[in-house]
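Welcome! Let us take a friendly walk through a protein model, one topic at a time. Please keep the sequence and the structure open as you read.

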Amino acid sequence: MKLKLLMLLMFGVSFASLAQTQVTGVVVDETNVPLPSATVQEKGTSNGVVTDFDGNFTITVSQQGATLTFSYIGFETKEIVWDGSTNLTVQLLPSSTGLDEVVVIGYGSVKRSDLTGAVASLNNETVTEQRKTDIGQAIQGRIAGVDVRTLNSKPGAPLSIQIRGNTVITANQGSERDGVSDDITSDPDQPLYVVDGVFFDNINVLNPADIEQIDILKDVSATAIYGARGANGVVIITTKNGIEGVTRITYDVTFGLRSATNLPDFLSGDEYVEFVDDVLRAREWLGTDFSIDAYNNVAIDRSTEFQSPEELANVANRTYTDWAGLLRETGIQTSHTLGVSGGNNGLVYNASLGYLKDEGVMGIEDFERYNISLSASKKLNDKLTLGVKTYLALSEREAGSPELFRSSLRLAPTVSAFDANGELVVLPDVQDQRFINPFFEAQGSYTAETRSLDVIANVFLNYKHNDFFNFKTQFSPTVTSSRFGEFRGLLTRNSRNDPTRVRSSYDTRLRTSYTWDNIADFNFNIAQGHNLKTTLITSLFFDNTEGNDTEVRNFDTDAFSFFNTEGGTDIRAFGTFQTQETLASFAARLNYNIQDKYLFTFTGRYDGSSKLAAGNQWDFFPSAAFAWRASQEEFLKETNWLNNLKFRVSYGESGNDNVVDPFGSFAFLNQSSFLFGTDLATGQFVETLPNSELTWEVSRELNLGVDLAILNNRINLSFEYYNKTTDGSILARALSSVSGFGDDGLPTTVGNFGSVRNKGVELTLNTVNLRTNNFSWRTSFNFSTNDNEILELFGDTDQIPISTDNRFNGVLQVGAPIDAVWSYEVDGIYGTEDLEEAQSFGFLPGQYRFVDQNGDGAITQEDRVVLGSQSPDWIAGMTNTFNYKNLELNVQVNTRQGTFGHSEFLQNFSTFQGDRAVFNSLDQDYWTPLNQDAKFPSPEYGEDSSFSWFNTSFDFVRIGNIGLGYTFPQTILDKFGMSSFRLSLDVQNPFTFTDFAGPDPETGLNNSFGQTYAIKTFLFGLKVAY
Amino acid sequence: MKRMRKFKNFGFALIGMIAFSACDDYLEEDPKSDITAENFINEENADQLVVGIYSELRDVYRDYTFKFFGTDIFAARSENFSFNPENDYFNLNENDGFTVWASNYRVIGRANLAINRFLNEIDFSESNISARDLGVAQAQALRALAYFNLVQQYGGVPIELEEQTTIRNDYARATEAEVYLQIIADLEAAIPVLQESPDPGRFSSRAAQHLLSEVYITRGYSSFAESNDFQTAASLAEAAIGSYDIRSQSYAEVFDVGNQINDEVLFAVQWGTEGLAEDVNNNKHSIFMTQVFQYPGISRSGNIYGLSGFGAQPTNFFYSLFADNDSREDPTIHRVLFADEETTFDPDGDGPIPSDLILPGDTVVFFPKNALVAADLEDRLNRYYVYQPDQYEFGVPDNVPGVTYQYSSNILRNNFPIFEKFDDTVFDEIVGGARDTFVFRVAGTHLLAAEAHLGAGNTGQALFHINRVRERATGVADELTTIDIDVILDERARELAGETNRWAVLKRTGKLEERINLYNPQVIDHGAFDSSIHLLRPIPGVEIQLSSGTLLQNPGY
């Protein structure tokens, strides 16, 4: 404030001769309601003010003919050439079209009205609206064509983001019965993330509150500027900057309670005892003639299953233990973000400090994150601007024991956690000596902690010669240093009270990378109504990762945790490694605008990647797009109800080399060892056939789009159709074992073999359903489909099973999606009447009847068919926002439909028990001779090696958030000198509607290690600004 | 490429405009933590390529598919009506046996790599020529071993002798006779070069002679046999035996876990107690046993027997083969299992049946060689489980009223004397251990010699060799006076059970079908053996699928 005064004084003295006029006025919306906190600025100067609670402002304008800009979030910015009047009333119109909104398109930005490609944007308001702690969660269900999925509900777990389907064939090759991995950074079909111009994968360390804007480039014409790496879409994240003349201090705090929700239905104590009896009966019945009479007559002996006197007493007294209930907790979530931003005298700055603590609902699971963001830029003179940005995130994630969740649900209700003295029993179930009481893990006997520091820095120099020429050079180093420490103490399920199994691991990673971009912009105003913008870019990217892995076992004590690996005696791993990749690129973009009606964009990028085989490293990725703003045509301009109508068409190429690891074209020697007598010798062999032809995989995409806004922008619709074919898909091609390569399973070589198509439609509809003086109701709806199909594999091959082992249900099959689920089709369960038929196929009554697809009288590999795919057929999201005076209510819903796959959860918790009924399980409708209409086979012997029992749909409809917010009126705030004050209460994930029996249909596909409950959060929030 | 060049110019134009230089050097990869054959292997360390072949043998010999199941002496450890395609041949199909195929071809691939690099890429100086030749000879011998493993199971297989450098899907099968010729050629080239007594674990000239002897015997039975195959085999076997007298060590000593490197062993795939995980991970001890920790008093991780890792058990026929004076039975199987932890056996908690305190060292299960009389049985059943010789197959014997140990309290359904000869001192719960896998042993060479002489019509020499083996076992010299192939097969069962490939031996002697129909309980119950199909194994389906129609499946699969 003092500075401002000083400035005013200086101006006042030095330029007293100039006309200095105080302009006052009021800013209102289209219903003449005053807009508080709207920004008023004298264009091209640092002179700016903010309106008060009544929308009033006073600004000193220096000269006639100055342009004043009026802006307010959610409204179209208005520019007025000051005509000398001293009292202005400025009406702003709501900009649900966002036509003036600035869209970041990579190495530049354009107004949405000038956009030719398919780009979706979210601003800070939307990103932070529901107080989600992770960017992935914040955009989930918000954008058509963007499938965001939680992989694991533990605190701090990353989310998977997939744009317009999967182009990478290899992605399914890791899938197995155990589901998909939750390591997103190794996911080859993840989009390219660009944070403030830097390629940066680990976006879940960012604080959503620090995000100014997220722009998602979906079609190839938009991603083409990122050429080689854009085929899976590009997510551009821009962090906050200061605004000249507006000093703002914000403080944002939340407090939440997290609890398990959508609890799976397990057998109660009585049901469990009955279930054990059924298992025993089935066991005895097996030796009989498979008649119902025989079943009724079998005698059972519970003593093989309830072995200890305590357990028998528990059964007799009906004293049961609800393990899962005892181990569930309420977690606490807190977050704080303090921000300061402002600027004057050509210097703008933004700083923020964030803290998040997020507790799990079991054991020691926990996530903590500190974020520091600092950005400043200074106008050195008329032409030169220097800027620096640093973003720092320190996070610590405790994932706890991967077994705790499973143990807590599996332990039989008939065994006790505590002995008569109230002490924890070490081995609750004598029948299974591996089961250490999970309470020890809940107390931290198993720890798995990741601590990482991410630093993104960025320094730029911008030279604006004049309106015609601008040059920017930007250098952005990033460093990620992370450490994973794991200790499996004595009293864990893994160590089983055996010191030789106690395990300590300590792994470190140091990743350093930099991006150096040079951007030259030329802006030709060829003639009236003809504008040509040219952007030329060079970009270098360097990425080096090194690290070490240590694993030691056999500890006498748990005292060291993972901090003293020398305390153990059995060294299993102690290696270091290094990889490096570089990327060099030249790119150009031409935007040609004819009378704001006909818009052309031509983009090309020429990329070279170190990862590809020498001689095949370079390729060029061109694209072209055209948009016609029909509503600007004279014949439509006068149409009152039509506010915007734009047709877009684009076609282009982009690439992907994520699939290839560095050094992917080399034939390395693999080490093995062998003992000759007692002498250990090192052996070498070549595991894979090197491919000297390895090059880019290239996607070609056609995109058709329509944008429509009608009825005073109250209905706003975007429609996209895309058809993207990826050729030369890089995949590991299986080789015949006769080649002699490999180490285990089929040998492979990586090359450009396959072809994949993704096509789909996306619909985005934003409507203002109601708007009165005090009340408004807005709806934002999105819907998208994606149809994925493998067009070609290699050679004549049209089907590659992931494994011939029946438990692996993945396949690559021409005509089927990449993530097809390939297994036996179930046609009911054999009944006692079907004994003969069942036995002819090698089955028994109570086991699945599989369809003998080829009718050869036997169930073989040939009878496996594609039963579905893991990816959804369609996804949709809807947010309804209701405003009444200062009160706001939002309800967000999202859904994924048409998903199918193997559930690790069902595999762990189904009633199938093998030869011993040890574990508790889901309350499933299983087959007995007395319940032949059951949904699931016999629990004793009904297992089939195809694991069909565990295939399921993961479809769901979820209320993602119900949020209530209250913004205090300005009249009250003024008394405290505040500019805004908002209280909110959000309930995240309150309801899930699904047929999936597990805890969370969204994470259901994933492997067991991250398994935990779906979480519902009650979150209280407060946001204040000065 | 044309398009690319055009745009390269475009790229250079950009460079000129913006002060910035980039060239292909920037994209050059320099792996620091990995090595390639080109930048690492030289004449000094070339042997590492040979060691690479040996280490793949672990995959070959840790896999028991197609070796023991479906024979006269081993069957599935499960109900007699249960299905197991490898054992009962019911629905045996192309999904079985991938490891057999792939691991042997990996041995061949690594041998081809070594031979090519040794002969064509690595510069050996004059003084190292003998090292080069020795490396090549080992590679040839191991390649022959792998081809022999394959040809016995699959018949003719693709013969590849070059390091593979391009993607191929045109592999085609040679005839069975051609594969034998290739094996013989490799071994004949290797034998003169190999050392007679190299370091333990290295392939010796005597091991190669043993192998070649078996190759000739196997061909000797075939339709493409040559007239002197058995005679050649007999000479090779005798050369391999050399001057070694198997009577210098007892059978028990040969299988003493502390005596794994001993002179009777001609070739073994070795594991140890140190080194990397792969060096201490043999599952040999875990075959032909049951989950013994289910018995009261036997702990899961502390017991001396280990864990069960392979679902097979010996047949009743196998147990019946040992005469009372046969000193091999005791080291071969455990007739008594002992406790290693204190526990109270009290299955019903507290009831009319008394409980039993078990202390470490107490007997837990007893398998008498001859059936016990009722009174003796009843007495013992108050102290431990007893399973009579006719109770080894799946089932729960009838409880004996009033005794402490009720059969119904034992959740194990297959109770039989487990194998002792492969007992290990080191194992963990993923059934890894340090036991070496003996591949060739002089006692086995004697039985080959006996078989070869018998095939050649030389009964006297055949009797000499079999009697040498029997003499060590029973102490009786010149015991047998007549011999036929069944005598040899029974003796092989007693001497070599679990060591050599029983299925292949029964197949070559033409006795497979006859013997499994007599002795294998699941085959007797529902066997589907068809000699027009099952004497050859199915080529893995995925290999057929990966071929462009050139690799043909065996008939019937």
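We begin with a term for how much of a residue can be reached from outside: buried means under 20% relative accessible area, exposed means over 50%, and partly exposed is in between (1.4 Å probe, protein chains only). By this rule Asp133(B), at 31% relative accessibility, counts as partly exposed.

This is a predicted model, in which local features need pLDDT of at least 70 and side-chain atom pairs count only at pLDDT 80 or more, while totals for chains, interfaces and linings use all residues. Residues are numbered from 1 along each chain as its sequence is written, chains are lettered from A and ligands numbered from 1 in the order in which they are written, and side-chain values use heavy atoms, with hydrogens and water left out.

## Salt bridges

Side chains of opposite charge can pair when their charged atoms come close. A salt bridge is a side-chain nitrogen of Lys or Arg within 4 Å of a carboxyl oxygen of Asp or Glu. How many does a search of the whole structure find? Over all chains, the search finds 81 salt bridges. Here are some examples.

| Asp252(A) | Arg131(A) | 2.8 Å |

Arg700(A) is partly exposed because its relative accessibility is 27%, and Asp727(A) is partly exposed at 30%.

Elsewhere, salt bridges that share partners form one network, whose members include Glu264(B), Asp326(B), Arg328(B) and Lys421(B).

## Where the chains meet

Contact means heavy atoms within 4.5 Å. Between the two chains, the contact takes 90 residues from chain B and 94 residues from chain A. Buried area is the accessible area (1.4 Å probe) that two parts lose on being put together, summed over both. For chain B and chain A this is about 7,700 Å², and carbon and sulfur atoms give 63% of it.

What about polar contacts? A polar contact is a pair of N or O atoms within 3.5 Å; within protein, one must be able to donate a hydrogen and the other to accept it, and residues adjacent in sequence count only if both atoms are side-chain atoms. The rule finds ten residue pairs in polar contact across the interface of chain B and chain A (both at pLDDT 80 or more).

## Inside the protein

A nonpolar core is a set of buried Ala, Val, Leu, Ile, Met, Phe, Trp, Tyr and Cys residues joined through side-chain atoms within 4.5 Å. The largest one has 110 residues, among which Phe203(B) and Phe267(B) touch the most other members. Helix α6 (residues 129-154) of chain B gives the most to this core, with 14 residues. A second, separate core of 62 residues includes Phe405(A) and Tyr941(A).

## Two residues to look up

Glu451(B) sits in helix α14 (residues 442-455) of chain B. Is Glu451(B) buried or exposed? Glu451(B) counts as buried because its relative accessibility is 1%. Its side chain makes a polar contact of 2.9 Å with the side chain of Arg508(B).

Gly831(A) lies in the loop between β40 (826-829) and α12 (835-840) of chain A, and counts as buried at 8% relative accessibility. Leaving aside residues up to four places away in sequence, Gly831(A) touches Pro845(A), Trp927(A) and Gln932(A).

Notes
Helices (H or I, at least four residues) and strands (E, at least two) are DSSP runs, numbered from the N terminus.
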